[in-house]
Structures are given as C-alpha cells and as structure tokens.
Amino acid sequence: MKSLKTACMAALLTAVLTLPLLGAHLVVNGLSTTLVVNLWPVGIAVLLVFVAQLLDLKARLGAITQALPTVSLSSASFSRHIRLWLAVVLVAALIFPFVASRGAVDVATYALTYVMLGLGLNIVVGFAGLLDLGYVAFYAVGAYSYALLSQYFGLSFWVCLPIGGLFAATFGILLGFPVLRLRGDYLAIVTLGFGEIIRLVLNNWDSLTHGPDGINGIARPTVFGLELNRRASPGGTTLHEFFGIPFDSLYAVIALYLIALLLVILTLFIINRLVRMPVGRAWEALREDEIACRSLGLNPTLIKLSAFALGACFAGLAGAFYASRLGTITPESFTFIESAVVLAIVVLGGMGSQIGVILAALLLTVLPELARSFSEYRMLIFGLVMVLMMIWRPQGLMPATRPRLELPTAEEAHQ
C-alpha cells in the first residue's frame, strides 16, 4: 500500500513537471499563435515513473550496477590482456574509415575531438580534483591560434598545432595563478567567468578575430605535404594529383579521421606516461587532500599549474584540429554548453578513468547523431541521463580504482 501511494504521488508530480515541457507548445501561423497540447509524451513519462516506483526499480538497478566492472590498474587479468585489446581496437579504428560510410566517418571524427577534450579535462577534474567550468576557453584559444597564424602568416597545420597547444597552456597558467587559493564552487565560478571573458573578447575584437562573423577559409591539414583540396595552392600538390587518381572528397574525410585518431593516441600516450610519473602521483595527492599534500613537502601551486597547463594544452590541440576540420569558426562555437558537455563526459565516464572518458565521449556524441528524430528533446534526455547516473552509478560508467598492494598473511608466508 505504501509503495502504491508513493508511485501515485511520483506519477502526479511527473505529470505536473512534464506537461509544460513535453505536452504543450506554441504553433505560429502568420500573425496568430495557437497553444497545442499533446498528452502522449506526458502519459508515457507518467507511466514509466509509476511503474518504476511501484516495482522499486531503484533498488533493483542499484544491485545490478554494483556488478558492473571497474577499471583497476592492479587487476592481473586486465594487465595481461590490455595490450591485446588495445591492438584489436586500434586495428578496428584504422579499418573503420575504409569500410564505413562518409557520414559515419565524419561523426567518428567529431567524436574523437570530444575524446581529446574529455581526456584533457580529466587531468584537471579527474586526477587533480579541480573543478573547471571554463574549459572551452582553451579550446577556443587553440582554434583561433591556428586560424590566425594560418591566415596572417601562412603557417601550415602541423606547425600551428604545437603552437596552439602552447598558447592554450599559457592561458591555463594565466588562469591558474589567480585561482590557486580557491577550491570547489569558488573555483568553478572563476573558471566559468574566464570562459565567458574569452568568448566576449573573441566576439568584440573585430580587428583581429572578425567579431561575430568569425574566420572563414581556414586551411585544411596536409598529409606529408600533400593538400586535400580539389585544386592545389600556388606551388603545392594535391593528394589525388600526386597519386594520379580522380578527386574524391571522401579522401579528405578519411585523412581528417586518421589525423584525429593519431592525436587521440598521442594524448593517451602522454597522459599515461604522466600519470605514472611523480607529477601524476602529485595530482592524485592534491585531489585526495590538499593539506596532507602540503605536509608531505609537495608544492600545491606548481601541481595546480601543471594540471591547468597540461589540460589546457590538449584542449588547444583539439581546438586547432577543430578549426582545420570545419574551415570556419565563430565565437558562438565556444559557449558554456561545450564546457558542460565535456565535464559531463568526464563525470559520466568516471573521474580519473581514461577508458570511461573515451566510452562516455563516444556515447554522448554518437548517440545524438543516430537519434536525430529526438533532437528537440536532446538536452532533456541528456539531463535525465545525468540525474539517473548520479542516483544509480555516481562513480561513472567505468570508474578507476587506485592500485593496491596486498601483503601475504603469516600463514601464506609460511606456506
């Protein structure tokens, strides 16, 4: 009886909340506006909530999620098979663009960009424990660095790529200095303001960034000096001319995908090396307890700056690639919602878990493209998924566990 009463109250509350969001919308017909009420989405939501409360699905799903795997560096089986799995995934990723459709390859390239962003923010949030809501600012710095250097100085993508990462890292250090003494919500507010400042500067500095119009005609990357366009620039050679094959725009799509895959592999390699170095242990110590970290003789200032700088560097690399892929950028491409999505990727995947971040980035970028018919409810579904994750799986899809060392007992030692 109690569960039935609770289910009815939850269903009633769901109806009140979802009716203005899902059931009612305005239809403009010339000069007249009509309110149209559609009750079937509300009915489905009410029914699902009623059944879930009546059957107590929260407890049952909680038991199921406890059985999901975790990524443990101390797991012997994981360590034994990790290289084999990585080789299989890498081979599959290399074969994918040659067997998939053009649209699928383009979506995969888009997803790999967010994988880079998620891995970079995972350094700041997952490893160092610093909440950053303005991460999109470093993404914008990398994109505009490449666009401006390419247009004004004629530098190639491969020259501008490390420069964009360096510029973004510099901005990360500049952001890190004023906020060294801040924690938690205060740190989040300052980083959020920093992201908005960068966007407003890009939007109003007309003489350099062209303001709201953005920058167009950004050069694409080259492959061993070969251009991916239909016609070569003065003194250049295109890919199809060099190999004597007909031009096909699919070649550029495949090349951009392989470049994005290369950048993701480079990002993973560098981060894995850093995590096993003393700087990685220092990030974890800072995340667990800053006071204890200071008492151990570590310098929290340098640790925070290193986390901000390295995380921003990878965002700058992703931004430079993003600008070269699209060929045009505007300040509206770098709004707060981008920072929120990247942060959601880190939280959904599991803070500190690189495999979890990759999985979450693929889910949050590929699934919306597959379900375009639900594009109107994309943010609503996105918020619902995050709420459910916080209830049933707050540690993320594939949380990382710290390495453990177990000493043998006295009986095991004698045996």
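Which residue just after α5 takes a positive phi? In this model, glycine 129 does, with a phi of about 75°. The model is predicted, so to speak, with rules attached: local features need pLDDT of at least 70, side-chain atom pairs count only at pLDDT 80 or more, and totals for chains, interfaces and linings use all residues. Residues are numbered from 1 along each chain as its sequence is written, and side-chain values use heavy atoms, with hydrogens and water left out.

Of the 26 residues in α5, 20 are buried (under 20% relative accessible area, 1.4 Å probe, protein chains only).

Next comes helix α8, residues 184–204, whose 21 residues reach 31 Å, close to the 30 Å expected. Its buried residues include Leu187, Phe194 and Arg199, and the buried set packs against α6, α7, α9 and α14.

Finally, serine 339 sits in helix α15 (residues 336–349) and is buried, at a relative accessible area of 1%. The serine 339 side chain reaches the backbone nitrogen of tyrosine 135 at 3.4 Å. Leaving aside neighbours within four places in sequence, serine 339 is in contact with Leu133, Gly134, Tyr135 and Val136 (heavy atoms within 4.5 Å).

Key: Buried means under 20% relative accessible area, exposed over 50%, partly exposed in between (1.4 Å probe, protein chains only). Helices (H or I, at least four residues) and strands (E, at least two) are DSSP runs, numbered from the N terminus. A polar contact is a pair of N or O atoms within 3.5 Å; within protein, one must be able to donate a hydrogen and the other to accept it, and residues adjacent in sequence count only if both atoms are side-chain atoms. The expected span of a helix is 1.5 Å times one less than its number of residues.
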